[in-house]
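Reader: I am new to reading protein models. Could we go through this one together?

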Amino acid sequence: MTSTPSPTDTDDPTAVPTAGDDDSADDADSDADDEVSDALENAVDKAQAAVDAAQTVKDGATDDYDAARTAYRSAKALDASTTKISASATKAAKAAAAAFLVALQQGHSDSTTTTLGALLDDGPSGGNLLQRLTAANQLGSMHGPLATLAARAASTAKHADAARAAATQAHAALEAIPLAEKSAAKKAAASAVDAAQSALDAATDAMLAESDGDTDTDFIDDFGLDSGVQTDPGPDDSGGGFTPNATQVAGAIAFAEAQLGKPYATDGAGPDSWDCSGLTKAAYLAAGIDIGAHFVPAQLSVMRSEGRLLPFNDRERGDLIFWQGDDGSFPHVAIYLGHNMILAAPQLGESVTIEPMWTSATEHLYDLVGRPSGTP
């Protein structure tokens, strides 16, 4: 007996999927989306770590170059000085030798004088004047004024030889300083930072594009973007104001990144949990900077009193981003990473994270940022 296929066994392409099939497909899509998001966030984290590492190398190469340049300038000054002293000493030695020769000629025959002239002639290639004077001394007996002239000639010749040796050593020391090599290393390190930053920009662009529409808050209107659209508006190469200290910025961000994933806690000051101002305070203390008390308004006040507040559009990596409530309060602060991304301890139920800047119905981005490092 032939059985009739059940609806679930049919291969009919026109069959309508059941609700259970739709749920399974949605779950699979959601899992795939989560995997992509996680992978992109991981890529941004690694790219940021590469930028920080490259910046550290650049800072070291810059310090090495600056030290080599200082040493080169000192060695160059010494080289010039010893060369001048050597020239003066040689001139004095030749003058003393000439005076000795004149006195010696007065007591010898023409043939002896010719021999003396040959001995004392410096010639186009120079030579050891002290040795030639010693040879000349052997041609006649030294006594009275002649002995005095001989001693003076020998002494100045000795000084000239020492001065020439010092000049040679100073020049060798100058040539040994690898200034060109240090300069090339500094340029290579700067190129590495640029390359790492480009990679971070690309990773950030991908993460922001993938996360389009996933947040409940609106991306800030200052970027000229539609509400809810999270797209990188461009590189942060146009920051203004005084220059931040790259080493201190890198140190603060490195500390904050080490806290990623730790939970938010009210009044959290580490090491296992954080709130927003506790994290910013600890991060900059790790870089050797006190930005104020564990309280957002206090940190804003320190930035203001030290002349460290700058227009929002001049923001640069490492700056403090503040949020202001509609009631005039300052409830939140975060560390700016560049490309409109921040590192923050957001709120209860969440963990320290990297996320795009945001606004909400009751809180907006303050129009000034704080720059803890650098000289105002």
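This is a predicted model: local features need pLDDT of at least 70, side-chain atom pairs count only at pLDDT 80 or more; totals for chains, interfaces and linings use all residues.

Reader: Which elements do the buried residues of α7 pack against?

Author: Helix α7 spans residues 276-286 and is mostly covered, with eight of its eleven residues buried. Among them are L279, A282 and Y284. These buried residues pack against α6, α8, β2, β3 and β4.

Reader: How many aromatic pairs are there in the whole structure?

Author: A pair of aromatic rings is described by the distance of the centres and the angle of the planes. Searching the whole structure for such pairs gives a total of three.

Reader: Are the rings of W323 and W358 stacked or edge-to-face?

Author: Their centres lie 5.0 Å apart, and their planes meet at 25°. Planes under 30 degrees apart count as stacked. The angle of 25° therefore makes this pair stacked.

Reader: Where in the chain do W323 and W358 sit, and how many residues apart are they?

Author: W323 is buried, with a relative accessible area of 0%, and W358 counts as buried at 16%. W323 belongs to strand β2, while W358 lies in the loop between β5 and β6. The pair links distant parts of the chain, 35 residues apart.

Reader: What is the angle between the planes of F330 and Y366?

Author: Both residues, F330 and Y366, are buried. Their ring centres are 4.9 Å apart, and the pair is edge-to-face. The angle between the planes is 85°.

Reader: Which ring does the charged end of R371 sit over?

Author: Let us look at the distance first. The charged end of R371 is 5.6 Å from the ring centre, and the ring belongs to F242.

Technical notes. Residues are numbered from 1 along each chain as its sequence is written. Side-chain values use heavy atoms; hydrogens and water are left out. Rings of Phe, Tyr and Trp (its six-membered ring) pair if their centres lie within 6.5 Å; planes under 30 degrees apart count as stacked, over 60 as edge-to-face and the rest as tilted. Helices (H or I, at least four residues) and strands (E, at least two) are DSSP runs, numbered from the N terminus. Buried means under 20% relative accessible area, exposed over 50%, partly exposed in between (1.4 Å probe, protein chains only). A charge sits over a ring if NZ of Lys or CZ of Arg is within 6 Å of the ring centre and within 35 degrees of the ring normal. Contact means heavy atoms within 4.5 Å.
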